[in-house]
Amino acid sequence: MLTRRRFLSVAAAGAATLTRLPEFPRLHAAEYDLLIRGGRVMDPSRKFDQVADVAIRGGRIAAVQPNIAASTAAETMDAAGKLVVPGLIDIHTHAGREKEDADLCLADGVTSLVDAGSQGSDRIDEVVAIAKAAPTRMRVLINIGKKGIIPEGDLMDIANVDIAATRAAIERHRDVVVGIKARLSKNVAGANDLEALRRAQSVARPLGVSIMIHMGQTVSALPDILALLKPGDIVTHVYAPPPNGIFDDASAGSGQARLVPAVADARKRGIWFDFGNGRVDHFTWASVEQGVNARVFPDTISTDWGQAARTDQVFNFATVLSKFLMLGMPLDRVIACATSNAAATFPAFKGLGTVRAGSTADLAILDLQQGSFEFEDNYKGKRTGRLKLVAAGAVFAGKLRKA
Ligand SMILES: [Zn+2]
């Protein structure tokens, strides 16, 4: 069978023969806009893992196959020895605070991201404006606390939950605001955790948007919180240390940690569990190890990134992913958590997280380095790993952004 491209060239040759066209200078555009050559293309969404070239045209992937001639592309990047994976999708960041944030993330291989609750209804327009101007695909979760993240705790005063204003803000920005964030730890919500979540759902359910909650160290028991979630909602900081982590408090840290049954239940109901690295109180090496050893992997891995995290603990998405390699999670599973799984969490990311002909040309080019690398948890615990992913570039909608 003739491919379309081959058919066109055969047809063109036939036409030339028939009409004896004179030789014109070759001014026609290259067949592809961009060619990423010779990388190890890994697309966990279709269990694809082989050395290939990725050809891009018009913002979409045109072909994934070995040995595409460099002369067919206007621009090429040599990715030999590197991983070429779907553009990373970071569903928990605070990249909506500064206007340059999204570009910094793009250099880290992040082509789609979510600002998770930096602002509430009082100042949502500011973060929406930043998202709209971002050089990547950026979406926003509105904090159910109208003042956003505040030092005294977003939800300590339940009067900070303004249902009408939150609903109006989402309706005003349906294209950008894709859900609601509720930070529920004791130092953020006090005893208001369940009531704040109920009110958040009273806005989210009728509008059909998700809620992302921040679990761990809550006043209320985790099963009571999970009972208020609906399919598609997201629980971030899955490995938060006790109290009210995913392993029951009495057994947490022992050799026989027992997963809270409501967590397994929630997963069956279609609730996502996200890592959310962050910098304060979200994980210890022991708490992550307990999860990974019990094969309770996160559905998605995210950074909880902000500019302060660029030089502390988090650094960038590839560094966060490297921590899971150190803990023994397989590479393709780690990549899935940052690509295909993450793409499934919000409708805005539908169709992303894959590298196949016809899909949006979002890619991350990563260098998998070997050596001795130190990583830190949220409590200054240090571990040394032998592998580290380092971003070497990104392609967003067909455009190359070098690291
Ligand atoms: Zn956060």
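This section describes the confidence, a strand hairpin, the zinc site and the salt bridges of a predicted model.

The chain has a mean pLDDT of 93. Of its residues, 93% reach 70 or more. Over residues 1-19 the pLDDT falls below 50. Beyond near neighbours in sequence, that stretch has five contacts in the model.

Strand 2 (residues 48-57) and strand 3 (residues 60-65) run antiparallel and are joined by five bridges. The two strands form a hairpin, with two residues between them. In the turn, G58 has a positive phi of about 60 degrees. A55 stands opposite A63 of strand 3.

The zinc ion is coordinated by NE2 of H92, NE2 of H94 and OD of D304, at 2.0 to 2.2 Å. The donor spacing in sequence is H-x1-H-x209-D. H92 lies in strand 6 (residues 88-93), whereas D304 lies in the loop between helix 9 (285-293) and helix 10 (317-326), so the pair ties together parts 212 residues apart in sequence. Both H92 and D304 are buried.

The whole structure contains 16 salt bridges. One of them joins R183 to D154, with the closest N and O atoms 2.8 Å apart. This pair links strand 9 (residues 177-183), which holds R183, to the loop between strand 8 (137-143) and helix 4 (163-172), which holds D154; the two residues are 29 apart. R183 and D154 are buried.

R383 and E289 meet in a salt bridge at 3.1 Å, N to O. R383 belongs to strand 14 (residues 382-396) and E289 to helix 9, 94 residues apart. R383 is partly exposed, at 28% relative accessible area. E289 is also partly exposed, at 27%. Salt bridges with shared partners join E195, R198 and R199 into one network.

Notes. Residues numbered from 1 in each chain as written. Predicted model: local features only at pLDDT ≥ 70, side-chain atom pairs only at ≥ 80, totals over all residues. Heavy atoms only, no water. pLDDT = per-residue confidence, 0-100. Contact = heavy atoms within 4.5 Å. Pairing = 2+ DSSP bridges. Helix = DSSP H or I, 4+ residues; strand = E, 2+ residues; numbered from the N terminus. Donors = N, O, S within 2.8 Å, 3.2 Å for Na, K, Ca; no water. Buried < 20%, exposed > 50% of the residue type's maximum accessible area, 1.4 Å probe, protein only. Salt bridge = Lys/Arg side-chain N within 4 Å of Asp/Glu carboxyl O.
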